[in-house]
Amino acid sequence: MAKSALLKSSIAKKVAMALSGIFLMLFLAQHFFINMTSVFSSDTFNSISHFMGNNALVQFVIQPILIVGVIFHFTMGFVLEIQNRNARPISYAKNNGAANSSWTSRNMIYSGVVVLAFLGLHFYDFWFPEMVYKYVEVSPLDETRYFHELVAKFESPVRTGLYSLSFILLALHLWHGFSSSFQSVGFNNKYSRSLKAFGYAFAIVIPFGFIFIALFHHFNH
């Protein structure tokens, strides 16, 4: 009975983590689309950023949900990792994990830690200054400031390098996490193979697209 309850609890945690992961991937795709406009048009990027930064629904509903989603997703990851390790307290003398799973699936917790650290840097670079600008300093609205603020962050080769490295780790995290999230919520049908292929494409295009944006602004600032 206790084992059954533990199993149900573990499954529920995995489903909840998967749902939060899918939500974060949708946000990631939207964030990528907005940032990519900065490569083609500073005016378009400024317009979209100004709308997102001053829309009440985005600021006071979607943004808090996003922050909670980030905290929840990574907390569940750590909880499940600890739970899985406690379930096998005796280490095997020889464990050939590569025979049964990929490197990315066995090291999701480590790539997740790096991604979490990157999110902390991202919040420090963009979210906190934005909150100070609008709610602490109460500075006047400036619809043209967003592009210059973005480009300024990528002037430093060190910061640009850290961002690029973080997105490579994000790609590894998504390589397994994308299809795993949908499997955890029960998506297992004739479209599963196509979804898995799309997940691999997503894990490459989105992170390396962000790297392209960072390098583009670094070399063209």
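## Helices that cross

Helix α5 passes α6 in a right-handed crossing; a crossing is right-handed if the near helix is turned clockwise from the far one by less than a right angle, and left-handed if anticlockwise. Helices here (H or I, at least four residues) and strands (E, at least two) are DSSP runs, numbered from the N terminus. On the α5 side, Asp125, Phe126, Glu130, Tyr133 and Lys134 make the contact, and on the α6 side Arg145, Tyr146, Glu149, Leu150 and Lys153 do. Contact means heavy atoms within 4.5 Å.

Before going further, two notes on how to read this model. It is a predicted model, in which local features need pLDDT of at least 70 and side-chain atom pairs count only at pLDDT 80 or more, while totals for chains, interfaces and linings use all residues. Residues are numbered from 1 along each chain as its sequence is written, and side-chain values use heavy atoms, with hydrogens and water left out.

Two packed helices are described by the angle between their axes and the distance between the axes. Axes are lines fitted to C-alpha atoms, for helices over the stretch in contact, and angles run from 0 to 180 degrees between N-to-C directions. Here are the values for two pairs.

| Helix pair | Angle | Distance between axes |
|---|---|---|
| α5 and α6 | about 140° | 12 Å |
| α5 and α7 | about 135° | 9 Å |

What do we call the orientation of α5 and α7 to each other? Angles under 35 degrees count as roughly parallel, over 145 as roughly antiparallel, 65 to 115 as roughly perpendicular and the rest as oblique. The angle for α5 and α7 is about 135°, and these two helices are therefore oblique to each other. The crossing of α5 past α7 is left-handed. Among the residues that make this contact are Phe118, Leu121 and Asp125 of α5, together with Arg159, Tyr163 and Phe167 of α7.

## A closer look at aspartate 125

Aspartate 125 sits in helix α5, which covers residues 108–136. Is this residue buried or exposed? Its relative accessibility is 2%, so aspartate 125 counts as buried. Buried means under 20% relative accessible area, exposed over 50%, and partly exposed in between (1.4 Å probe, protein chains only).

Which residues does aspartate 125 touch, not counting residues up to four places away in sequence? They are Lys153, Arg159 and Tyr163. With tyrosine 163, the side chain of aspartate 125 forms a polar contact of 3.1 Å. A polar contact is a pair of N or O atoms within 3.5 Å; within protein, one must be able to donate a hydrogen and the other to accept it, and residues adjacent in sequence count only if both atoms are side-chain atoms. As for lysine 153, 28 residues separate it from aspartate 125 in sequence, and the two are 7.4 Å apart in space, C-alpha to C-alpha.

Serine 49 belongs to helix α2 (residues 42–54). This serine is buried, because its relative accessible area is 12%. Where does the side chain of serine 49 reach? It comes to the backbone oxygen of phenylalanine 45, at 2.8 Å. Leaving aside neighbours within four places in sequence, serine 49 is in contact with Ile34 and Tyr146.

Glutamine 83, in helix α3 (residues 56–87), is also in the buried class, with 18% relative accessibility. Glutamine 83 and serine 10 are 73 residues apart in sequence and 8.3 Å apart in space, C-alpha to C-alpha.

Leucine 162 is part of helix α7 and counts as partly exposed, at 44% relative accessibility. Valine 138 lies in the loop between α5 and α6. Its relative accessible area of 58% makes valine 138 exposed. The phi angle of valine 138 is near 50°, a positive value in a residue other than glycine.

## The whole chain

How many helices and strands does the chain have? There are eight helices and zero strands. Of the 221 residues in the chain, 38% are buried. Among contacts with a separation of 6 or more, 82% are between residues 24 or more positions apart.
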